[in-house]
Amino acid sequence: MAVDGFIRLDGVSKHYGLVKAVDNVSLNIPFREITVILGPSGSGKTTLLRIIAGLEKPDHGRIFFGKHDVTGKPPWERSVSMVFQEPALLPHLNAFENIAFGLEAHGLARDVVRERVLWASKLLHIESLLDKYPDQLSGGEQQRVALARALVVKPKILLLDEPLSNLDLSLREELRIELKRIQRETGITFIHVTHDQDEALELADYLVVLYNGRVVDYGEPLRVYEKPRSILAARVFGHNIVDAIECKEETVYPWMSSWRSCKGRFIKAIIPQHRIVIEKTSNAPCTIRDLVYRRNYGLAIIDCNGVLLKVSINLREMTMYSVGDKVKPIIDSKTIIR
Amino acid sequence: MRSEYKAVLAISIIVIILTISYVTIINLLQQPMVLEEGEDVVVVYTYESLLAWGPDPNKTYDVVFKGFEEKTGIRVEVRRFEDSGTMLATVIEEVKSGNVKADVVIGIDNIQIIKAKEEGVLEPYTPPNIDAVPGWLIESYDPHHYAIPYDYGLIAFVYDTEYVSDDVMEELSFETFYNTSMASTLIVEDPRTSSTGVSFLLYQITVYEKYLGRDWRDWWRNVKPRVVSSWGDAYDRFLNEEYHVVVSYATDPAYSMLFYNSTRYRAALVKYDDKMLGWLQIEGIGLVKGAPHKEAAKKFIEWFLSEEVQKEIPLNNWMYPANKYVKLPDVYKYAINMSSVEVVNLRITSEEIESSLDKWIEEWVDTISSS
Amino acid sequence: MNTRLLIVLAIVTLIVYLPVVYGLKDAFLYKNVFTLRNIVEVLSRKSIQNSLRFTFTQALISSIIATVAGSITAFSLLTIGFRKAWILRALSIIPFMAPPMVVVTGFTSLYGLHGVVSNIIPWTKVLGYGFWAIIAAHAFYNIPLSINFVYSSLVSIPREVVDTLHVFGFGRFMYVLRRVIVPYILPAVFSSFTLTFIYCFTSFAIPLTLGGVGCSTLEVYIYYYYKIMYKPGLAASIALIQYIILLSIVALFIYFHGRTFTAPIGYRHYRLSLRKSLKTILSIILVIVYIYLYAPLVAIVYQAFYNPYTKTYGLEGFYRVLQLGYDSGLGVSTGVVYVNTVYYALMTGLLAIILSTIIVYYGGRIVDTLYASLLAVSPLTLSLGLLRTYSWYIPSYFLIILAHTIAALPLTTRVLRIGFERVGKKYIEVAHVLGEKGLPLFLRVVYPLMKPSYLVALSLALVVSLGEFGATLFISTPDTMTLGVAIYSYRGVRDWAAAASAASILLLLTASILLLLSRRMERWL
């Protein structure tokens, strides 16, 4: 396998019956970084991951690991490892034996195996659990063992299929940090699939957004989030998508007075919710419909002449507003899609 | 790949150990598994109950088989089959496939001989002591000596005197069973599965068609007796007093005299024009075509027809011995005396049996089933 | 998949099917010429047409009765509770394995003219002879099938489903039954129905002995044309027709069996609350069915001690059967018979397990159907085929092992197939990604997760071998006789007590194996 370069997917498609799970996906995934594939359920992200793993054969397209075409190769001939949503630990083996599984498959000597298992368990902080059986471990512990098992074979690429989705929130956040740390320590290429935006933004060095089997955006995470290149990507993030008119270098929105008179091109504006600020004024075009508490911030849903906008509000400021208040939205930055 | 080889090795070892222990134990129990090559063996195929009905079957076996071994130094390997039909079928298979293991077959009856000749599984052989067998017997069986009769039995109605009177059976005719109460006491064997059944059917057909000139199916239509698949089954039910007349052999009364000292069970044949008509089931011994130990086989056939063996027949096979020089034991006075019987076998030719038996049995099934 | 192992599968299939082809080829030969006249002849005979109609009808009715009775009994097992049910389940298989000749004797002694039961309850006489006797005997044999199939499925209904209904106040039993339970167990019911149908269709000893002339199944005619009339062309033609007819039923069986629910590993069982009156009724049904199943077996054991000629009781039967020296009635030492029986059983167990593993691992639905269709081959034809194909090169004891294995394969492949599917793709995928494949994958991942199925398959193979009778009778020589054939030989020399004693020993062996292995298996569930 090549050392540096890209994992290249070239026109990869797969359908099940009439449904196209993966539709002509072409990507260049960088080595030695964390790539996150973000998409809602049914977007084909799991299928894509399984194709990279070799568990599914694509109907069209090729997959390259660096210079090597691995399209026809079965999973055991690719230098990949995988962690699934359920830990899938072999119930008849204890944690040590589970972790050692891949090493023994390659016929490594007993002491080498022992050494490596200890290394992996230290990495995941599970040294004390090694002689326990899966049914004696909690969900989080099992997932750590699964991770250790996947890492101990020192793969070039680690594939993660929403491994944290079944865990509770605090555990999830904890493990996210762990994952990043492990990646930095080991330098293994991570391809992580998730539907959780927070997770995606936290982990990704490189973000790919998938919708209905198609790649709708990709690149540096913050850029993708702030300025998505397609409406579908915006939809994945849950940004506000607003009809607007480009009117002589000014963007005019439906709640503005110049909406009727302005003549210009009709566009769609993508406005992330933290890019709007609201101001209580008397002549305001919008009304607060709802105030919602999220964990670290508040959300105000305002109705502006029939258009609903989501606005992030600092929790400290939440108390200043009530439902029914008249407010004026000030848009900080937006992306324009023609 | 290590575990792959380990597993295959482990299983192979288990199999080998098992097989070796098996073969060793079998040998220890002194039953040789492999037939030795060479002329000092003769392989005999016969049916299970050959000579097995006497007071001491083990002794009889020793007389017949060990006796031959002692006399000639040739070892006898006997293979017994469920019945003579299976035996014949196996021999036919062997000859057809060219893998002949049998040398001698014992138990081909006068109906099977037709088939055996047709399939070409026997080689004609005339033993030196052929004259001990009556000419009429050979004529009735096979004049070409593909097989030689070694005994014969008379199909008879065996009845329980506690339920059926001697007077009725003295004047027995087939029509006696047209009486419903008589019909309900009768049990008969299925010609499709029992050689006794086939013989009885032929008996009845021959008497009706050749002697009386009537449609044989009438009898079955009118009587509709209980039919069971084997002689053993029929006889058991008879002994169990479920049925009181059973189609069996004329020597049965002698059997019950010897074993139970009882004259309760007697035998009767049908009488027409004051003549007792009887059908013989003749059993023969033959040389298998392509027998691996031909000379030994010939010696055995001669031995089997000799007085030494034939004198065992009456009390152990409960049939009349073919060897005319053998005196019947005293107890045979309770059996039907052959000299007073008119044998009807010769009224029907083997060709006719060969071509019509299938059809007759088909018609029989039809007649019996339509009720 | 792996081409190397696909070749292995092909070879195995060839070894198993070549005898079938060789046995059936007579159907197309008349005086060594390829022709269809045998088949035409056979189909035009009225006796065969009637027989076909009869075979079908009795199979249908027997299957319906056996399936209904078995399903209700399976339900009754629920009232006992899961822990204790395993004993009854294991015990129910014993009647299934009892040698047919012996069962017939048992039936006759119970329901026949002088039967024990028919003397007390006169109407049961109809079960002693005739059409209904055949049905009753077939039901006896096959109720255990439905009991086991349906119970497995019944007990696999996800707990949450039952709990949900309870929570929502739909505790009413009939509702739960109709909406939940019946749809879940329907595939199991149908799969046991189709399997029972196949067994009843190919039944031979029972219709022959308990039925009259009009009650001849196709197997009886195969026997007749082959053994008595020696017209192998006709015999094989009937066997061929039977095979083709049953192929569709076999396909149905595979279909339903594949859709049967079985509990995943580590499943926790639900509790069903039943009204007391219902519980009582079910318990009574349970008792009656088990009495029905075991009465003939008890009759058999009773016969072992009873000499019908002298009308006395004694142990002569057992003495004869347990002395290990030469027995002229058998033509071989009894000791040899025991050694044979055990050896063949062990080898069959091994061979069946190995072959089934290969079949299940690399086959699919078509392969499954192919192997299950071995059930549709007449044992007579199969034995003939085996002799023709292999007797040149293989000692007869191995032929017997092969015949037993072929008899066991349909069952063991099903059991292992279900077990294999329960393992689930996930573990195999994990192993693949970690670099494990092929035989090591099987040994390290699949087999450990399938151990209970292997135990069941092994016990089935052993028990099938012990009870196999038809093919063994045909192929065996005195040297290679098994206990099952010995029973038949004892009957041939009219020693009923010895026959019953041998049968009792066989039943004891069967029961021990089933109970022992079931016990260990339950622990793993």
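These questions and answers walk through a predicted model, asking what lies behind the words used for its parts.

Q: Why are β14 and β17 of chain A called edge strands?
A: Each of them, β14 (276-280) and β17 (307-313), pairs on one side only. They belong to an open sheet of five strands in chain A, in the order β14-β18-β15-β16-β17, with antiparallel pairing. From one strand to the next, the twist averages 40°.

Q: How do you know that β15 and β18 of chain A count as paired?
A: Strands pair if at least two bridges lie between them. Two bridges join β15 (residues 286-293) to β18 (residues 326-331) in chain A, so this pair meets the rule. The two strands run antiparallel, and A:T287 stands opposite A:K326 in β18(A).

Q: What makes a group of residues a nonpolar core, and which residues have the most contacts inside the largest one?
A: The members must be buried residues of the nonpolar kinds listed for a core, joined through C-beta atoms within 7 Å. The largest such core has 377 residues, and A:V209, B:V104 and B:A156 are those with the most contacts inside it. Helix α20 (residues 438-467) of chain C gives the most to this core, with 15 residues.

Q: What is A:V209 in contact with, leaving aside its neighbours within four places in sequence?
A: Its partners are A:L38, A:G39, A:V216, A:D217, A:Y218, A:V224, A:A233 and A:V236. A contact calls for C-beta atoms within 7 Å, so that is the test each of these partners passes.

Q: What makes a residue of chain A count as buried, and what share of the chain does?
A: A residue is buried if 20 or more other C-beta atoms lie within 10 Å of its own. In chain A, 39% of the 338 residues count as buried. This chain has nine helices and 19 strands, and its C-alpha atoms fill a box of roughly 80 × 45 × 35 Å along the principal axes.

Q: Which elements and residues does chain B bring to its contact with chain C?
A: The contact takes 47 residues from chain B and 46 residues from chain C. Among the elements of chain B that give two or more residues are α2 (57-72), β2 (75-81) and α15 (350-369). The largest share, ten residues, comes from α1(B). By class, the chain B side divides into 20 nonpolar, 13 polar and 14 charged.

How values were computed:
Residues numbered from 1 in each chain as written. Chains lettered and ligands numbered in written order. Predicted model: local features only at pLDDT ≥ 70, side-chain atom pairs only at ≥ 80, totals over all residues. Contact = placed C-beta atoms within 7 Å. Helix = DSSP H or I, 4+ residues; strand = E, 2+ residues; numbered from the N terminus. Nonpolar A, V, L, I, M, F, W, Y, C, P; charged D, E, K, R; others polar. Axes fitted to C-alpha atoms, helices over the stretch in contact; angles between N-to-C directions. Buried ≥ 20, exposed ≤ 12 C-beta atoms within 10 Å, placed from the backbone.
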